[in-house]
Amino acid sequence: MSTVTRIAKRRQKEIDAVLASAAEAALQEVNNNPEQIELAIEKAVEDTVNWNQIVIAPMESKDIPIEYFIKTVFPTLYLDPSFQVEKTRWTVEKEQAYIVNLFLGLARSPLSIADITHGDGPMRKHFQLQLQKGYTSATADGNNRGNAAVRFVNNEFPIEYTSPCGRFNLSGTFSQLPKGFQKMFLSKTITLHVYEVRKLETLSELFIGLNDGEPLNNQEIRNAYIGDPQSQFVRLLASSLLPCSHFHSAVHSIPLPRMTGEQAMSSWLSGCVA
């Protein structure tokens with residue numbers, strides 16, 4: 001046996017003895033402190049958990065200029081009839097108040113949209129036509145605010161504002177206001193919350209949780225569950241009958257502020273079933 005081999009074997013015996021001693025000490029530690037060892041194991045397992053995986057709709061917050069929102073983002077937003085009414089809920093007075101608060105820096109509520117380009121099979125099928133037309137997101141919350149900014153810049157309503165000191169006076173539509181103000185307004189930023197949504201059920205939950213600051217009526221909540229046969233039937237029936245003058249008159253005599261036709265139809269059907 002060569003000298004090198006003898007040295008290697010001796011070293012191996014030493015290593016084996018050290019390992020055996022360490023293993024015996026570890027076993028003794030387990031026997032003496034079973035609770036501490038169990039806690040250590042639980043902590044080691046806990047440290048391997050990626051809690052970000054619990055998030056079903058990851059969100060990215062962006063501050064973007066109003067001009068960029070109007071020209072680039074707004075044209076790609078789709079208003080799903082499951083969520084949105086045919087026209088804005090806001091009156092012109094509310095739109096005017098929002099625009100004033102916007103350029104004063106007092107309107108900081110974010111606009112929330114859901115990216116629909118990475119959905120699963122059912123979601124892609126639901127938005128197939130919209131994706132083909134170039135829509136990339138669905139509005140989840142903030143439709144009124146987004147529409148107000150677009151309508152204001154398109155000269156669809158005027159504003160009136162006088163600063164407390166009287167130094168600034170604004171009166172008229174966007175194009176009638178000073179060029180300096182126009183430039184300032186378009187450069188103001190709004191906050192956009194972009195949610196990554198992969199399932200229609202998640203989109204429904206997102207809308208219900210992020211309604212536009214006003215309580216949702218029963219029909220809006222029903223409609224939020226995309227693909228629900230009852231909601232689809234009520235929507236189809238209401239849209240078919242509303243052009244009829246008698247039904248239109250009857251529906252609009254009911255004091256329902258939003259989704260009037262669908263809510264009235266649903267209430268009537270419920271009465272018939274009852």
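Which elements do the buried residues of H8 pack against? The points below take this up for what is a predicted model.

1. In helix H8 (residues 179-187), whose span is given with that of H4, the buried residues are Phe181, Gln182, Phe185 and Leu186. Viewed along the helix axis, these buried residues of H8 fall within an arc of 130°, and they therefore line one face of the helix. Lys179, Gly180 and Lys183, on the other side of H8, are exposed.

2. As to the opening question, the buried residues of H8 pack against E1, H3 and H4, and also against helix H7 (143-153), strand E5 (159-162) and strand E6 (169-172).

3. Helix H4 (residues 92-104) and H8 have axes that come within 9 Å and cross at roughly 85°, which means that H4 is roughly perpendicular to H8. On the H4 side the contact is made by Ile99, Leu102 and Phe103, and on the H8 side by Phe181, Met184 and Phe185; by class, six nonpolar residues take part, with no polar and no charged ones.

4. Strand E1 belongs to an open sheet of five strands, ordered E1-E7-E3-E4-E2, in which the pairing is mixed. The edge strands, each pairing on one side only, are E1 (59-65) and E2 (77-78). E1 runs antiparallel to strand E7 (residues 189-196), to which seven bridges join it, and Ser61 has His193 in E7 as its bridge partner.

5. Helix H3 (residues 66-73) packs on this sheet, where it touches E1, E2, strand E3 (111-115) and E7, and the direction of H3 makes about 110° with that of E1.

How values were computed:
Residues numbered from 1 in each chain as written. Predicted model: local features only at pLDDT ≥ 70, side-chain atom pairs only at ≥ 80, totals over all residues. Heavy atoms only, no water. Axes fitted to C-alpha atoms, helices over the stretch in contact; angles between N-to-C directions. Helix = DSSP H or I, 4+ residues; strand = E, 2+ residues; numbered from the N terminus. Parallel < 35°, antiparallel > 145°, perpendicular 65-115°, else oblique. Contact = heavy atoms within 4.5 Å. Nonpolar A, V, L, I, M, F, W, Y, C, P; charged D, E, K, R; others polar. Pairing = 2+ DSSP bridges. Buried < 20%, exposed > 50% of the residue type's maximum accessible area, 1.4 Å probe, protein only. Arc of directions from axis to C-beta.
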